[in-house]
Amino acid sequence: MTAVSWDHEVDFVVVGAGTAGCVLANRLSAQPGQQVLLLEAGGSDAHPLVRMPAGFTRVVQRRALNWGYSSEPEPALGGRVVPVPRGRVLGGSSSINGMFHIRGDRRDFDDWAAAGCAGWSYAEVLPYFMRSESNWRGAGPFHGGDGPLQVRAIDERHLLAEPLREAARQAGHHVNEDYDGARHDGIARGDVAIDRRGRRHSSARAYLRPVRGRPNLQVWTQALTQRVLLEDGCAVGVELERGGRVQRVRARREVVLCAGAYGSPQLLMLSGIGPGEDLQRLGIAVRQALPGVGANLVEHPRMPLQFKALQPLTFLRQLRLDRAVLSVLRWAFAGTGPFATQICHGTVLLKSDPADPAIDRPDIQLLCNPVRLDARLWFPLLAPAQPHAFYVTVCQLYSKSRGRVTLRSTDPREAPRIALNLFTHPQDFATMRAGLRAARVLYRQPALAALVGTEVLPGADLRSDAELDDAIRALAGITHHPVGTCAMGTGPAAVTDPQLRVRGVAGLRVADASVMPTIVGGNTNAATLMIADKAADLMLGCPAPPPAVLAPTP
């Protein structure tokens, strides 16, 4: 390329101030001699609904904080378009997600190592998980006690947790005190990223806010990165638009993409790195042909179940307008009360077919909520209450279907094409059916008989495989856990190597959920924090912490 006129120069450019980018900004700028620039296309995370845990179902819908993506018409779902929310705000999706903190099954990471990703086994990444958190349990063999991210247990008051726990026992599930401990399966009270003041503890709050005053760290918001600039096979900087002006920033050491499973492959392709034929079709000069860019997209598909409540005891009681106002005030001034926690009264991790020896870990997650998903504020006579209900999200943890992210055009302001391809592998229908039936069994146990009535969604009369498959086609969505589109590995499909370097391009790494070669069996935010922390060690040349010594998996 021709000589570039630089507007700014730093050592490290970090693109994307989401879950991973905030970690990288913190860790890289901890070395005073290194100048770090963090770029974020969105703006501030100061909105009160971002900070209040009970506001997460509303904040995810706010267009000002969200990229507002949608999938392409899904072939296995009758051509439905699936909403794909992603955070466009400091903290990224950690500022709009459900705050669950769960790592996944230890065998997920051992699989990465077995596939050629040296250094990524569970024993090797556990120290990074522990280093990231200040866990409510305190320091121990599986948890850290003084890390940046505060992890609290869900406050189960007002959530009818004990009847659900007893029903799980009756259904044969193990009661697990720590799903990130010695074993992963069973029913557990959820761990959430909420601080001691009852505020969402996003990556921006945990990692970025404490270091914003460092003189060697700059944070630019409303800065849309357009492409990575390359010279002689090396990333030398980025081009971005900020305040209506295009600027070019030189990176003396490295550029690291932390734009997520949709944004990072989009930026690589806009820069000429990706599937050659696709780029040429759009008139983009191919700088490095990597067919795996944008491929291997995998999500956690989900299905809803809703049951009629037999008594007016669900969390809807807390949404009566006068009670809600008091709860908001209590949260704002004391950081306590029903709005200062997640509204989930149990997480169940189970095998879709316990008799199948090929299923060696939980492949279904049930997120159980003592309130209807569409619950709203109400007040007698003025705005009548909705019927009370219990809501369950059935999440499939290891989908066999794979999607792809491609460019829609050469305009970086235009959303990429997202083909999720949910349920295009027939086994995924069978697994989800099993999850739905397991949830039905749980909610029909004697411990819940006085609370739970008829299934109203998708409907108790839907029993056969064909009927449930039709319901899946009509109702299935995603849990907002996209991974895999810049997968690390050693084979020809890999985009990044196990050091997270983009293959064939010096000075360029990707460090976010897109590098996961396979998805983890749980909410992906914790694993993304781990990836970013390990990436910082790789970039700075710091030795990895010693691997953990682990007992065999139960």
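Helix H8 (residues 260–270) is largely enclosed by the rest of the structure, because 11 of its 11 residues are buried; here buried means under 20% relative accessible area, exposed means over 50%, and partly exposed lies in between (1.4 Å probe, protein chains only). Helices (H or I, at least four residues) and strands (E, at least two) are DSSP runs, numbered from the N terminus. This is a predicted model, in which local features need pLDDT of at least 70 and side-chain atom pairs count only at pLDDT 80 or more, while totals for chains, interfaces and linings use all residues. Residues are numbered from 1 along each chain as its sequence is written, and side-chain values use heavy atoms, with hydrogens and water left out.

**Helix H8 and what follows**

- The buried residues of H8 include Tyr262, Pro265, Gln266 and Met269.
- H8 is followed by Gly272, which has a positive phi near 90 degrees.

**The overall fold**

- The protein contains 13 helices and 23 strands.
- Its radius of gyration is 23 Å, close to the 24 Å that the globule rule gives for 554 residues, so the protein is as compact as a globular protein of that length. That radius is taken over C-alpha atoms, and the rule is 2.2 Å times the number of residues to the power 0.38.
- Along the principal axes, the C-alpha atoms fill a box of roughly 75 × 50 × 50 Å.
- Of the 554 residues in the protein, 59% are buried.
- Taking contacts between residues at least 6 apart in sequence, 71% join residues at least 24 apart; a contact means heavy atoms within 4.5 Å.
- The accessible surface comes to about 20700 Å², and carbon and sulfur atoms account for 53% of it. Accessible areas come from the Shrake-Rupley method with a 1.4 Å probe, and for residues only the protein chains shown count as cover.

**Charges and salt bridges**

- There are 62 positive and 51 negative side chains, with the centres of the two sets 6 Å apart. Lys and Arg count as positive and Asp and Glu as negative, leaving out His and the chain ends; each charge is placed at NZ of Lys, CZ of Arg, CG of Asp or CD of Glu.
- The protein has 38 salt bridges, each being a side-chain nitrogen of Lys or Arg within 4 Å of a carboxyl oxygen of Asp or Glu.
- Arg169 and Glu162 form one of these, at 3.5 Å from N to O. Arg169 is partly exposed at 38% relative accessibility, and Glu162 is partly exposed as well, at 43%.
- This pair belongs to a salt-bridge network that links Glu156, Glu162, Arg165, Glu166 and Arg169.
- Arg281 and Asp278 are also bridged, at 3.0 Å from N to O. Both sit in helix H9 (residues 276–281), and because they are three residues apart, about one helical turn separates them. Arg281 is exposed, with a relative accessible area of 60%, whereas Asp278 is partly exposed at 26%.
- Asp360 pairs with Arg361, their closest N and O atoms being 2.9 Å apart. Asp360 is partly exposed at 34% relative accessible area, while Arg361 is buried at 10%.

**Val246 and its surroundings**

- Val246 lies in strand S12 (residues 245–257) and is partly exposed, with a relative accessible area of 37%.
- Leaving aside residues up to four places away in sequence, Val246 touches Asp7, Gln226, Glu239, Leu240 and Glu241.
- Val246 and Gln226 are 20 residues apart in sequence, and their C-alpha atoms are 9.0 Å apart in space.

**Backbone spots worth a look**

- As background, most residues other than glycine have a negative phi, and most peptide bonds are trans.
- The peptide bond from Leu457 to Pro458 is cis, with omega near 0 degrees. Pro458 is in the loop between strand S21 (452–457) and helix H12 (465–475).
- Asn421 is not a glycine, yet its phi is positive, at about 55 degrees. You will find Asn421 in the loop between strand S20 (417–419) and helix H11 (426–442).
- His480, also not a glycine, has a positive phi of about 70 degrees. His480 sits in the loop between strand S22 (477–478) and strand S23 (508–510), and is partly exposed, with a relative accessible area of 29%.
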